[in-house]
Amino acid sequence: MPRERSMSGTIPSMETAHDDLKDNTIIVVLGASGDLAKKKTFPALFALYRQGFLPRDCKIIGYARTKMDKPDFEKRATSYIKNAEDNKDIANAIESFKTILTYVAGDYEDGAAFDKLRGHLEGIESSYQSKEINRIFYLALPPTVFIPVAKNLKEHCYNPKAGVNRIIIEKPFGKDLDSARDLLNTVKQYWSEDETFRIDHYLGKEMVKNLLVLRFANIAMGAAWDKNSISNVQITFKEPFGTEGRGGYFDEFGMIRDVLQNHLLQVLSVLTMERPVSFAAEDIRDEKVKVLRSIPPIERNDTLLGQYVSANGKPGYLDDETVPPNSTCPTFAATTLWIHNPRWEGVPFILKAGKALNESKVEVRIQFKDVTQGIFKDIARNELVIRIQPNEAVYLKLNSKTPGLYTRAIPTEMDLTYKRRFLEAKIPEAYEALILDALRGDHSNFVRHDELDVAWKIFTPILHWIDGVNGPRPRPVSYPYGSRGPKELEAFIEKYGYKRNSDAYFWPVTNMAAL
Ligand SMILES: NC(=O)C1=CN([C@@H]2O[C@H](COP(=O)(O)OP(=O)(O)OC[C@H]3O[C@@H](n4cnc5c(N)ncnc54)[C@H](OP(=O)(O)O)[C@@H]3O)[C@@H](O)[C@H]2O)C=CC1
Ligand SMILES: O=C1O[C@H](COP(=O)(O)O)[C@@H](O)[C@H](O)[C@H]1O
């Protein structure tokens with residue numbers, strides 16, 4: 001049942017870190033030899049361990065097909081922990097972390113291998129004093145084995161006695177509405193909604209979590225948060241590298257499935273939902289589903305697709321050997337969504353994402369309407385920018401009087417740059433925050449089955465068009481590696497009313513140096 005929760009300014013201290021965690025918990029990471037486990041899951045588990053945020057006496061088991069002895073596994077599991085060489089505390093903590101790690105090798109389709117895993121779990125659990133034991137299964141696995149693993153875990157490793165069993169799964173959750181429904185329904189045969197935690201790691205990012213606070217803890221924000229004040233919104237994801245090495249995976253999915261349909265749509269839903277009754281998971285997720293249901297499927301003419309070509313000494317998408325020679329897979333996509341409800345009717349929400357662009361940046365840019373003409377002419381629009389990464393910041397571009405004896409307005413900014421404002425703060429990695437939530441049994445930042453269903457309804461028609469389901473595939477326009485994206489992008493954004501204030505606004509170089 002959802003717990004009523006409210007949020008205060010308090011932060012749990014180290015002493016209370018365990019209080020809402022269950023003792024006697026074992027975390028099993030399946031796919032422990034893979035990239036995600038090595039780069040994200042184990043470093044996040046280590047960070048939680050080091051800060052005292054794992055349950056008391058927690059143990060971690062790695063499971064994968066690769067045969068490894070304990071030292072090999074320990075080496076792999078700790079290889080991406082940062083600053084281990086030059087920080088003695090971290091190096092010591094790693095040695096201590098290794099003592100809670102063990103490894104079991106086994107296949108994903110083979111029931112007998114999961115019996116072996118259960119035997120290993122029971123061996124560890126026999127040392128626990130209490131009868132209540134808890135098992136958390138984290139699937140750092142490709143979607144092709146989700147179903148056999150979910151089934152085998154339920155049939156061979158589920159603890160039906162006292163305690164909880166939870167399964168954490170990663171995207172992609174299907175490729176379109178029908179395949180997502182198949183996947184969800186099959187997993188549901190084995191694991192209840194309450195036991196299932198579907199990760200969209202953008203919901204664990206600090207600035208995405210901050211959206212709730214910025215919106216609902218500030219009366220000034222709330223007052224301007226609708227179609228009366230806002231002209232257009234852009235949610236932008238930019239990566240400065242191509243699909244190098246991941247071409248095979250990427251070509252099957254494309255930019256929309258990789259980032260827009262999940263990460264950016266999640267940001268959009270938190271940005272636009274109505275105020276939830278409480279911070280309880282179901283209250284938040286009810287509001288997210290409600291706003292997503294007000295969005296019709298994306299239209300073809302609200303879409304711009306791009307594919308990068310070789311430039312600046314970098315290879316084009318089609319130069320990758322793992323990519324089919326004539327692939328029309330988009331590595332850049334901009335789509336505009338419309339929300340048919342009283343708050344947002346008529347406001348365009350432009351989601352845009354691309355690989356091999358000029359910079360690394362994820363941001364929300366809310367552009368307000370023009371002030372009424374009369375006393376000002378050609379004055380810059382206000383913009384609220386929430387920079388999710390890198391260098392987390394919230395800044396409001398606003399017009400101010402130039403200091404001096406004459407009256408002239410100049411665009412300037414109110415600037416909350418995290419590195420300057422929160423000098424001592426360590427911003428947690430998304431995976432740290434999400435694994436901790438799963439350990440606490442808090443679903444707020446995980447994707448509910450009906451959220452997923454409605455997300456696929458919005459994107460499936462455009463994806464089928466791109467996949468050539470009912471006709472020829474559209475050809476993406478090309479853009480050079482390292483550019484801002486297709487040259488058509490500017491006109492695309494202007495079509496929805498975005499006005500760039502570039503000439504009047506400048507950001508002092510001294511401010512840049514501080515970041
Ligand atoms: N706290 C902080 O760190 C603050 C930093 N700043 C900095 O000040 C600078 C200006 O800020 P801001 O106006 O927000 O950001 P930018 O000038 O980088 O971008 C503003 C908008 O214009 C687009 N754009 C950028 N270059 C071009 C171009 N050549 N042609 C057409 N469109 C373009 C961007 O699109 P797209 O993103 O899609 O490329 C974006 O939508 C930035 O470097 C920003 O980081 C400002 C205030 C506070
Ligand atoms: O899910 C994915 O996200 C990453 C970007 O994640 P970030 O935390 O580094 O912003 C993206 O590179 C990848 O293609 C996609 O599958």
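Helices (H or I, at least four residues) and strands (E, at least two) are DSSP runs, numbered from the N terminus. The model is predicted, so local features need pLDDT of at least 70 and side-chain atom pairs count only at pLDDT 80 or more, while totals for chains, interfaces and linings use all residues. Residues are numbered from 1 along each chain as its sequence is written, and chains are lettered from A and ligands numbered from 1 in the order in which they are written.

**Exercise 1.** Describe the course of helix α1 and say which of its residues are buried.

Solution. Begin with the length: α1 covers residues 35-50, and its 16 residues reach 22 Å from the first C-alpha to the last, close to the 22 Å expected at 1.5 Å a residue, where the expected span is 1.5 Å times one less than the number of residues. Next, look for a bend, taken as the angle between axes fitted to the seven residues ending at a position and the seven starting there; α1 bends by about 30° at T41, and the proline P43 follows within four residues. Then turn to burial, for which a residue is buried if 20 or more other C-beta atoms lie within 10 Å of its own, exposed if 12 or fewer, and partly exposed in between, with C-beta atoms placed from the backbone. The buried residues of α1 are A37, K40, T41, F42, P43, A44, L45, F46, A47 and L48. Their cover, judged by contact (C-beta atoms, placed from the backbone, within 7 Å), includes β1 (25-30), β2 (59-64) and α12 (430-440).

**Exercise 2.** Find the backbone setting of D57 and of N391, and state how exposed each residue is.

Solution. D57 is found in the loop between α1 and β2, and has a positive phi of about 60° although it is not a glycine. With 14 other C-beta atoms within 10 Å, D57 is partly exposed. N391 is likewise not a glycine, yet has a positive phi of about 50°; its place is the loop between β12 and β13, and N391 is exposed, with 10 other C-beta atoms within 10 Å. The loop between β12 (383-389) and β13 also holds P390, and the peptide bond from Q389 to P390 is cis, with omega near -15°.

**Exercise 3.** Work out which residues surround each ligand, and to which classes they belong.

Solution. A residue is near a molecule if its C-beta atom, placed from the backbone, lies within 6 Å of it. By this criterion 17 residues surround ligand 1, the closest being A393, Y395, E413, T417 and W507. The elements that give two or more residues to this shell are β7 (230-238), β13 (393-401) and β14 (409-417), and β14 gives the most, with 3 residues. For the classes, Ala, Val, Leu, Ile, Met, Phe, Trp, Tyr, Cys and Pro count as nonpolar, Asp, Glu, Lys and Arg as charged, and the others, Gly among them, as polar. The shell around ligand 1 divides into 6 nonpolar, 5 polar and 6 charged residues. Around ligand 2 the residues are H201, E239, D258, V259 and V362, which by class are 2 nonpolar, 1 polar and 2 charged.

Conventions: Two residues are in contact if their C-beta atoms, placed from the backbone, lie within 7 Å.
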